[in-house]
Amino acid sequence: MKLRQVTLAITTLVAASLAATAGMAQSKPALKELGGNPPASIIFIGNSFFYYNNSMHGHVGAMVAEGMKEHKVRGSSVTISGSGLDWHDVNSYFRPDGVGRYSFVANNEVVFNPPTDKLFEVAVMMDCSQCPVHPTLSKVFTEYTKKHSDTVRKHGAKPVFFMSWAYQDKPDMTEPLAEAYTKAANDNGALVIPAGLAFARSIAQKPDLNLYVADKRHPSLPGTYLAAATTYATLFGKSPVGLKYSAGLSPEVTAHLQQVAQDTVKSYLGR
């Protein structure tokens with residue numbers, strides 16, 4: 001067999017494997033939607049996976065601004081580089097006159113946000129990239145998904161877990177991560193954003209589109225856009241397909257990522 005044929009065969013097998021992995025987690029998510037009115041305030045609690053490419057919450061906000069013109073959403077991102085959930089003091093993020101007290105608007109003015117009964121309506125939380133499946137840290141993941149879910153609910157907000165993605169050179173991380181986040185969400189009555197499954201689906205369909213930077217962990221701009229589109233579809237129940245907001249990506253890449261996000265959410269959440 002010629003070298004080109006061998007390479008093609010290997011690529012086909014890898015794509016098929018990723019496609020199968022991207023289809024679903026081993027466990028089914030118990031919670032299919034956030035419920036209630038669309039959230040008007042969201043705090044993203046995590047690490048550098050969130051803050052790369054000018055922070056994922058900003059891309060989510062841009063999608064909401066276009067796709068839900070009558071709806072206003074305030075997003076805040078609280079991240080610690082390399083952190084796990086046990087690094088975060090979530091209770092302190094809900095203290096009065098703390099995080100989210102004021103915002104910077106388009107003309108670089110500071111605007112003070114009016115006081116509300118709930119500082120944040122939704123808390124999107126992500127553990128470190130290996131923690132949920134690490135032989136030692138997985139126990140910490142279980143402990144702190146419960147602890148932080150309880151804390152978030154104590155403040156009248158809803159906990160949401162962000163399913164992170166496999167490393168570029170370790171695609172076999174996808175299924176264990178999906179299983180860990182799904183199980184933790186079911187145990188704590190939380191919704192899951194299936195970003196990790198969206199990454200696997202995109203790679204299976206379009207392996208030439210690089211979702212990673214050089215370290216093979218952190219997201220490239222297309223990776224962040226895909227994560228944001230998956231978040232938008234999950235939290236707001238709206239399809240990102242057709243949105244003009246592209247974060248500067250080409251129309252072809254934007255359309256692909258939007259469709260992957262929508263298809264993943266529909267497959268995973270069954271809606």
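Helix α7 passes helix α9 in a right-handed crossing (the near helix is turned clockwise from the far one by less than a right angle; left-handed if anticlockwise). The contact (heavy atoms within 4.5 Å) is made by Leu197, Ala198, Arg201, Ser202 and Gln205 of α7 and by His256, Leu257, Val260, Asp263, Thr264, Ser267 and Tyr268 of α9. By class, this contact has 5 nonpolar, 5 polar and 2 charged residues. The model is predicted, with local features requiring pLDDT of at least 70 and side-chain atom pairs pLDDT 80 or more, while totals for chains, interfaces and linings use all residues. Residues are numbered from 1 along each chain as its sequence is written, and side-chain values use heavy atoms, without hydrogens and water.

Histidine 148 is placed in helix α5 (residues 138-154); helices are DSSP runs of H or I with at least four residues, and strands are runs of E with at least two. Its relative accessibility is 2%, so histidine 148 counts as buried (under 20%; exposed is over 50% and partly exposed in between, with a 1.4 Å probe and protein chains only). The histidine 148 side chain reaches the backbone oxygen of leucine 85 at 2.8 Å. Beyond neighbours within four places in sequence, histidine 148 contacts Leu85, His88, Val90 and Met125.

Lysine 158 lies in strand β6 (residues 158-162) and, at 34% relative accessibility, counts as partly exposed. The side chain of lysine 158 reaches the backbone oxygen of leucine 34 at 3.0 Å. The C-alpha atoms of lysine 158 and glutamate 121 are separated by 6.2 Å, with the two residues 37 apart along the chain.

Conventions
A polar contact is a pair of N or O atoms within 3.5 Å; within protein, one must be able to donate a hydrogen and the other to accept it, and residues adjacent in sequence count only if both atoms are side-chain atoms. Ala, Val, Leu, Ile, Met, Phe, Trp, Tyr, Cys and Pro count as nonpolar, Asp, Glu, Lys and Arg as charged, and the others, Gly among them, as polar.
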